[in-house]
Every structure is written in structure tokens, then in C-alpha cells.
Amino acid sequence: MSDDSVLPDLGGSRAILVGVDAYQKLEALPSVRENLTRLASLFQDPSRWGLPASNCVEIRNPAASAAVYDALEEAAAEVTDTLVFYYAGHGLIDADATDDELYLALPDSRPDSAYRTGMPYSWIRREILKARKARRKVVILDCCYSGRALARMGSQTGDDAIRRLLDIDGTCVLTASARTRTALAPPDEDLTAFTGVLVEALTTGIPDGPELLDVETLYRYAWQRLLAKERPRPQKAETGLGGRIALSRNPAHRAFLVHEVARLTSERDAALARSARLKANLDDDQSELVKNLRAEITANQTELSELRKELAAKQGFADQLEDHVDRLRSEAATLRESLESARSDARDLGRQADLRIAAMARDVRAAQDARAVAEREQRTAEADRTAARSALLQVTGELDRARAGEARTEALVKQLRAEILDSKRQVRTATTPDPPKPESGSVTPPTVHVGGRFAGLAAFFSRKGRRAVAWLLLLIFVFSNVMYVLIAWKGFLKP
């Protein structure tokens, strides 16, 4: 490769660096994060390329493909020299598809539905095609997919597939591996295998290489380095003079040192020129400056005296304020003491109130208990009153029956008395001799003897004695019942 390449114009060039290191359904690639940081730093290094930071866009873990398309669309509208697109992450393919479409994985991409969740490379190519003002275009794909313990990365496009996908004039495409091979992201290294050798070339340079590191030189260096390490080799495709696109100065080339010396010398000369101009301006303006400084000093002294007077006045006011603050502090201390006393009184009142409330609660509980006892006693008294009414009614019935029995007993007694009187009259009649009749003739008087009275009594008891004894026994029985009822009623009514 000849050394007639030139670095792209800084103002008319753009670089879009996309990296996805965190996934929801795929294995994480922490080294991709460092890929973007190192490449962006090298592209912006004035000793390498010197691309302005505003022209180097970093997109990390885009939530949607629109973020990438929008950045490419904006860059395509502004670029006039070189457009660089870089992607690092998992590369996906659709196993059921018949084409060689490559899908660049996003954080939410799924390997079983790459066509729905991935970012088709054909769409990236379409956005790059819009950069019609760009003279040169460079695409670097460091793609990956999951399924290997050492976080292998894969690309699903080889030389022929890339030519079909990127049929763009003046374009060069670098991929991490062939379409059927995988590329590595060693877990013990900071960078992925492919991007690591690119960063190595841009950082330390390529001995015996050209002054400018173009894509062809970087590809050959990466191919040799990866072959020596027995790692997957990269692939390259280009159209036109795409391989001649330079991306950096070669730090290992003698011209790099000459350029650095020239750059530093230029910066030194510019600094010396600025210093000389400042010194000349200082010499020319020194007298005027001195006058101005003296006038300014005089004005400053006048202003200083005024400020001193004002400061004295403010000092007196400050003293007054300090006295006022002291009084306020004293009043505040007094108020704090009063507040503490009030708080103490409030706490005492609160404790007293708590004690009173507790006593009132006890009184309320005692009153409730007494009320419950009174209600129980009232219910008991109501039950006793009801029982007393029932007993009174029973006793009244018994009294009525006793009175009826007494009336019958009196009637029987009267009847018994009448019978006894009647019996006495009969006995008296039987024992008394008939008066003598006038003698009309000779009549023999009745013979009276003692045995006749006893014979009448015997006749009485034989006829009515049993009945009288029966009535007497009945009278005794009724009287005893009446007395029992009266005694029981008197004892029940006793309070």
C-alpha cells in the first residue's frame, strides 16, 4: 500500500460508535463498553486523527433501533468527507430465513426472534446510502452471539455476503470473522479480540508500516496478529478505493515523530507569538496603563475612605445590633426557661390528669359494677315480689277456704250444740217423773229408779255420739290448718 493516503477532513467527517454490552435474553459483553471508550479516545486524539468530540457520537445500549437510525440520518446529512460506522455486540441470524440478513442485537433482542427484535443490517446500509455527500465510508462490525462459555462472538456475513449487503462505492467493510465462524471476547481481557488488535495498532502503531494507517493496513495487521494467536481471522470487503481510507497516523512511523515535533513546535511558536504580542501591547500601553492605574488608585483610595466611613457607621450599627442580639438572646434564654417550666407544669398537669382519669375510670367501673349489682338485686327483688304476690294469692285462697271451713265449722258447732241441748232435754225428760194426775181412780204411780238416767245416756251415745266425735275431730283439723297457714303467711311476709 502506498503512502499517498490523507487523513479525512476533521470538520466534514463523522463517526458513529454503537456498543451493546448488557442484554435481557443474551449473555453480557462487558468488554464492549471498553471498546467504545478506547476507539472514541483514539479517534479524537490530535496526534492520531483529531476528530472533534461533537463529530464522534457514542451510542451505548440503545433502547431501540431508532436511536441508531436517527444518529446515522443526522450524520449522513452533515458529512462531506468520511463516515465511519462501528458496532460491537451480539450478531444474530434467522435460522428459518433463506437470505443472509444480519441482525445487530439490541438490549432486548431474543435469539429465537432476531427478525423482530434485532436491528437488520440492511436498514443500517440504507441509512449509510443516504450520505451521498460523503466521499468515503467505513463500516466495522465486531458482532457476537451467545451460546459459548467463553462469550464467543459471531458474524453471519462473509466476503460475498458483505459485498451483497454493502454495495456502496468508496466503502470498506471490516468484520470480526467469516460468516460461518465466531470471534472471541476473552473474559480475561479488557477488549474483544478483533477490536483489541485495532486499538493496539492505533495506540502503538505498526512498525515498518505507512505514515497513515488506512483500513487495508489495519486489516492486514489484525489478520496477522489474530492468526499468530490462533484466533478467528477478520474479513474485509471494499468497493473503489475503500481500503485506502486512512483513520490515523502511525505512531511507529518516523513521520509521526516529525509530525509531533512539528505540532509541538507550532504550538510553541504560537504560544511565543501570543506572548510577544502581549508584551508589545504591554509596552505600548504601559504609560497609559500607569496613568490609568494611578487614576484608578486615586479613585480607589477615595472610595476606600468612603468605605471606611461607611464601615465605621456600619460598625456602630453592628454594635447596636450586637447589643440587640444580646438582649434577644437573654430574652430567648428567659423564654426557654419559661418554656421548660411550662413544659414541666404541663407534664405535672398531664400526670395529674392521668391520675384523675384513672381514678374516674375506677369510679366509673365501680359505679358500673354497683349498677350491675343493683340491677341484679332489682331483678331478684322483682322475682321475689312476683313470688310474694303468687304466695299472697295462694295464702288468700287458703284464707278464703279456711274462712269457709270456719263458717262450716261454726255451723256444725251450732248444730252440735243444738243436738247436745236436744239430747239434754231428752235425758232430762227421761229422768224426770211425770206429775201426778188428779185421781179419778186408783192409778199406780211410775216406779223411778237410778238405772234409768244411765240408760238414757247410753242411748244418746249409741245414737248420736259417734257423729259428735266426728264433728269435733273435723273442727280440730280445720283449726290446725288455719293456724299453720297464718303462721306461714306471717313468716313469709316478714321483711
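Which ring does the charged end of K236 sit over? The ring of Y219, at 5.5 Å from its centre. The rule here asks for NZ of Lys or CZ of Arg within 6 Å of the ring centre and within 35 degrees of the ring normal.

Ground rules next. This is a predicted model, where local features need pLDDT of at least 70, side-chain atom pairs count only at pLDDT 80 or more, and totals for chains, interfaces and linings use all residues. Residues are numbered from 1 along each chain as its sequence is written, and side-chain values use heavy atoms, with hydrogens and water left out.

Now the overview. The protein chain has ten helices and twelve strands. Those are DSSP runs, numbered from the N terminus: helices are H or I with at least four residues, strands are E with at least two. Of the 495 residues, 34% count as buried. Buried means under 20% relative accessible area, exposed means over 50%, and partly exposed is in between, with a 1.4 Å probe and protein chains only. As for contacts, meaning heavy atoms within 4.5 Å, take those in the chain with a separation of 6 or more: residues 24 or more positions apart account for 74% of them.

On to the aromatics. Rings of Phe, Tyr and Trp (its six-membered ring) pair if their centres lie within 6.5 Å; planes under 30 degrees apart are stacked, over 60 edge-to-face, the rest tilted. That rule gives two aromatic pairs. One is F43 with W49, edge-to-face, 5.5 Å centre to centre and 80° between the planes. F43 is buried, at 3% relative accessibility. W49 is buried too, at 3%.

The other pair is Y69 with W123. Their ring centres are 5.9 Å apart and the planes meet at 50°, so this pair is tilted. Y69 sits in helix α2, residues 65-78, and W123 in helix α4, residues 121-129, so the pair ties together parts 54 residues apart in sequence. Buried or exposed? Y69 counts as buried, at 11% relative accessibility. W123 is partly exposed, at 42%.

Stay with α4. Which of its residues are buried? Y121, I124, E127 and I128. Looking down the helix axis, these buried residues fall within an arc of 115°, so they line one face of α4. The arc is taken from the directions from the helix axis to the C-beta atoms.

Next, the loop between β1 and α1. D21 lies there, with β1 at 14-19 and α1 at 30-44. D21 is buried, at 7% relative accessibility. Its side chain makes a polar contact with the side chain of R33, at 3.0 Å. A polar contact is a pair of N or O atoms within 3.5 Å; within protein, one must be able to donate a hydrogen and the other to accept it, and residues adjacent in sequence count only if both atoms are side-chain atoms. Leaving aside neighbours within four places in sequence, D21 is in contact with A28, L29, P30, V32, R33 and N61.

L26 is in that loop between β1 and α1 as well. L26 is buried, at 9% relative accessibility.

Now R249, in strand β12, residues 246-249. R249 is buried, with a relative accessible area of 17%. A polar atom of the R249 side chain lies 3.2 Å from the backbone oxygen of P46. What else does R249 touch? Not counting residues up to four places away in sequence, the list is L7, P46, S47, R48, W49, E211, L212, L213, F256 and H259. Note W49 in that list; W49 is the partner of F43 in the edge-to-face pair.

A word on backbone geometry. Most residues other than glycine have a negative phi. D208 has a positive phi of about 60° although it is not a glycine. D208 lies in the loop between α6 (193-204) and β10 (212-214). At 85% relative accessibility, D208 counts as exposed. E230 has a positive phi too, about 55°, and is not a glycine. E230 lies in the loop between α7 (215-228) and β11 (235-238). E230 is exposed, at 72% relative accessibility.

Last, cysteines. C172 is buried, at 0%.
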